[in-house]
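Thanks for making time. I have one model on the screen, and I will go through its packing and then its chain contact.

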Amino acid sequence: MLHFERWKIIAIVLAAIAGVVFAMPNIFAKETVAGWPAFLPKKQVSLGLDLRGGAHLLLQMDSAELRKDWLETIRDDARKQLRDAKIGFTGLGVAGNGVQVKLLKPEEGDKALAELKKLIQPIGNAILGTSGNDIEVTKVDDTTLLLQPTEQGIQQRTSNASGAAIETVRRRIDAMGTTEPNIVRQGLDRILVQVPGLSDTAQLKKILGDTAKLTFHDVHPQTSGEEARQTRVPFGYKIYPSAERDGFEYLLKETPVVHGDDLVDAQPAFDQRTNEPIISFRFNQSGARKFGAFTKDNVGRPFAIVLDDKVLSAPVIREPILGGSGQISGRFTVETANNLAIQLRSGALPTKLTIVEERTVGPSLGADSIEAGSLAGIIGTTATLILTVVAYGTFGVFAAISLILNGVLVVAIMTMIGATLTLPGIAGLVLTVGMAVDANVLIYERIREELRNGKTAIAAIDTGFSRAMVTIADSQLTTLVAAMIMFWLGSGPIRGFAVTLTIGIFTSVFTAVTVTRLLVALWLKSRAGRGRAIEVPI
Amino acid sequence: MNLVPDFKGFDFFPHGTRLPFMRFKGLCFGLSIVFMVASLLLVFTKGLNFGVDFKGGSLIEVQSKSGPVDLARIRSALGDLGLGDMQIQTFGQPSDVLIRVEQQPGGEAAQQEALRKVIGALGEGFTQRRVEVVGPVVSGELRMTGTIAVLVSILAIIVYVWFRFEWQFALGTVVALTHDVLVTVGVFSLFSLEFDLSIVAALLTILGYSVNDTVVVSDRIRENLRKYKKMDLTELLDLSINETLSRTILTGATTIVVLLALYFFGGEVIRNFTFAMLFGVLIGTYSSIFIAAPLLGYLGVKRDWSGAETKPRPAASRA
C-alpha cells in the first residue's frame, strides 16, 4: 500500500505537471496567453452562455405544415403521372392524411395503381439498408385510390427538412454578422441556436421568424380577387391576400413563374425616384431565362411578387426584363428591407419556426456571475484548506495539496475536452473540492482509529488507506449515478454542473487516494530508519 | 532530513463516544413522519412556486441605467399591458428588477408577444440582464423529465445499494432518500421559494450526498457485524454510528462551509440552488444517522457473515 515504484512516482508527477500546464491559460487574459511561446497550450475553458452572455433559442418546426406541403407535392405528382399515362380521373385531392384519386373508368383501376406506384421512393438507411417506402398506394374500391405517407416517410421528410432548416438558419445568422453561432438539431423536429455575445434577440427573432418563401406569379388577366371570391375561383388559380392593403385580394396562378430558390443575390437599396427602401435582386441563369421569357410575353400586364403567401406588390411589366435582375418594393422600412434581403439571400425555411424556449443572458450579468462565482470559489476553497490543515496537521497539508491539485485537474480536463463551464458548473467545482475532502477525512479518521487501537504508524497508515478505499469507491459511484442522470436531464447550465461533478469524482479519487498516499509514503520514507518509532502527526 | 516540520492536527472531536442514538429512534421516526406528511400536505394544498422552467411564461431581469428603481412606477407601467399575473421585485441590488410574467394563453407565439410588450413598456432606461421564456410544450416536457430524473436516480441508487449490501440496507437507504427529497420539497413549498430545473439538479446532488453518508455508515455496520458476531444489534448500530461520527461531522462541516461561501458570495442567480443544497446536506446527514441506520434495527439483518468473509471483496483486494 505504501510502496511506490519509481515509474509510478514519475507518472503521478507528470500527470500533476500536465494538469498545471493545461489549466494555466485559464488564469490569464486571452491576450496574454496569445503571446506565449508555441509549445505551451493556449486553450482556455469555454464559458457557457450564462457566463459569457448570449442567446439560446430552441426552435420547433411546424410538423403539420410539413405534412401538408408534402401531401400537396404528392397530389401534384399524382396528377402529372395520371395525365402522362392518359388515365382519366374526376377527382384528385388531399383528404385527411392522404391523397385520394377518383377514376373515371373502373377498368383503368389496375393500370392507375401501377402508374401511381411508380411514385414510391424507397427510404435508404445507412445502418439497416433499405427499410421501407416513403408512401403507400392502395386501392380502396374500383374507382378510388389512396396515396398515404408512411410513418418512416414522414420521419425522413422531417429529418431532411430540419437539415435544410439548420443550413438556412446558419446562413441567416451569419449574414447578421454575428460570430460563432452554435446551431444543432435537437430531437426530430427542433433546432437549438446559441449565439454567444448576443443579448438583444429582437433582430435575431425577426430574421428567423419568417419562412421567407418568395415567388413570382402571373396575375389573372380579367378577374380580380374580389370577383373570384363572389363567383368562383378558376381552375389553377388561387386567391392571395395583399401584404400592404388590408382586405385587398389578388387572383393569381397557383404555380409560380419563378421561385426564390433561383435568386443568387438580394441587397437592400433605395428607389432612385421615390427614395423608398427597396430590395434589388439577381436571378441565376435558369431564373433569368424563365423570368425573361415571361416578361417578354406579358408586357403591359401586371405580375405579382408574393412573400409567404402574401402579395408584396403587383407591378405592371413595362418592358421585358432580360438581364436577370430586378427590384422589389413594398412599403419597407430600412430595417425590414435589410432583414428581408438577408432572408432572401439565405433562402427559404422549409417551415415556419416557432420559438419554444428562449434564454438570454446579457454581458453584464455574465461578468457579474464570473466575479461572484470566483469569489465564492476562492473563499470556499480557502476555508476548506484551512479546516483540513487545522484538523490533520502535517497530513492535512498533504491533503490540502491534493485538494488544490484536484481543482487544477478538473479545470485542465475541462479545458482539454472542450467542456463548457457554467455558473452551476462553478458551484459544482467548488462543491467537488468540499466533497473531495471526504475521501481524505475517511482515510485520516481511519488512521487515527487504528493508532488508538495501538497499531504502529506504518500499520495504521496502511490499514487506513486500504480500508477507506472500499468506502470511497462506494460513495463516489453513487454520486456518479446522480451526475449521469443530471447530464441526461439537463439543458445548458445544469449539464455544466453535471460535467464538473463527474470529472471531479474521477480526479478526486486520483488525488485523494493516489496523490495523498504518495505524499504520505514519501514522508514515511524520510522519517524511517532513525532507530525510533515514527510518530504520526495527525 | 526534515523537509516539513511536523505538526499535529487539532483532533477536536472526542473519540470513543457512546452516544445512544438508537434510543431516539422512536422520536426521530415520529418527527420525520410528521415532516414528511406535512411536506406532502403542503405540496398538495399550497403547491410549489414553480419557476418558468416548469410553469411556462417569461422571466425578465433588467438593470436600471439610472440607479435605484421605482418599483411602483414599473408596476403601473406594466400593469396596463393586460398580461395577467405579474411578479415584480428588486433582485440582488436596488437597481435590478426581476419581472415574472405568467404563461399567456395562445401557445408559443403568445409568450414571445408578451415579452415584446414588457420590453417595449419598460422603455429605454433599462438594459436587459437576463431573459427566459419557456413555452407550454417545453415546460410540460421539463416537468416530466424532472420528475423522471429524481425517480430514476432513487431507483438506480437502490439497485446499487442492494447489489453492494443486503436488501435491508437498500430499504433503509430508499426511506432515507425519499425523506430527504420530500422534506426539501416541503420547505420550498412552505417558504414559497422558486422551484425550477436547478432545484431538481440540487435534489439529485442531495441524493448523491445523502447516499454517500448512508453508505459510509452502512459500510461500518457491515464491518462491525463481521467483527462482533454476538453483539446486540442496537448496540452494534450505535457503535457504528459513533465510530463514523467524527468523519460525518468533519465532511459535513467542510461541505457546509463551501456552500455558505456560495450562498453568500455566489450571486443571486444560484442562491436558491445553494439554499436547497445547504438544507439537503443537513437533512441528508440527519437521515443517515437517525433514519437509515435505526431502520436496520427494526428490519433485522443477517448476522452470519462467515461465508462472505472468506471471499475478499474485489475492491478491497485491489486496494
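Leu203(B) touches Val150(B), Val181(B), Thr184(B) and Ala276(B), leaving aside residues up to four places away in sequence. Keep in mind that this is a predicted model.

Leu203(B) is also one of the residues with the most contacts inside the largest nonpolar core, which has 201 residues. Others in that group include Leu204(B) and Leu207(B), and from chain A Ile279(A) and Met486(A). Which element gives the most to this core? Helix 11 of chain A, with 20 residues. Apart from this core lies another, of 14 residues, with Leu82(A) and Leu116(A) among them.

Now the contact between the chains. Chain A puts in 70 residues, and chain B puts in 70 residues. On the side of chain A that touches chain B, helix 11 of chain A again has the largest share, 21 residues. By type, that side divides into 39 nonpolar, 20 polar and 11 charged residues. Strand 20 of chain A pairs with strand 5 of chain B, antiparallel, over five bridges. In strand 5 of chain B, Val134(B) stands opposite Glu357(A).

Last, helix 1 of chain A. Its buried residues are Ala16(A), Gly19(A), Phe22(A) and Ala23(A). Because they cover an arc of only 140° around the axis, they sit on the same side of helix 1 of chain A. Helix 11 of chain A is included in what covers them. On the other side of helix 1 of chain A, the exposed residues include Trp7(A), Ile10(A) and Leu14(A).

That is what I have.

Terms used: Residues are numbered from 1 along each chain as its sequence is written. Chains are lettered from A and ligands numbered from 1 in the order in which they are written. This is a predicted model: local features need pLDDT of at least 70, side-chain atom pairs count only at pLDDT 80 or more; totals for chains, interfaces and linings use all residues. A residue is buried if 20 or more other C-beta atoms lie within 10 Å of its own, exposed if 12 or fewer, and partly exposed in between; C-beta atoms are placed from the backbone. Helices (H or I, at least four residues) and strands (E, at least two) are DSSP runs, numbered from the N terminus. The arc is that of the directions from the helix axis to the C-beta atoms. Two residues are in contact if their C-beta atoms, placed from the backbone, lie within 7 Å. A nonpolar core is a set of buried Ala, Val, Leu, Ile, Met, Phe, Trp, Tyr and Cys residues joined through C-beta atoms within 7 Å. Ala, Val, Leu, Ile, Met, Phe, Trp, Tyr, Cys and Pro count as nonpolar, Asp, Glu, Lys and Arg as charged, and the others, Gly among them, as polar. Two strands pair if DSSP finds at least two bridges between them.
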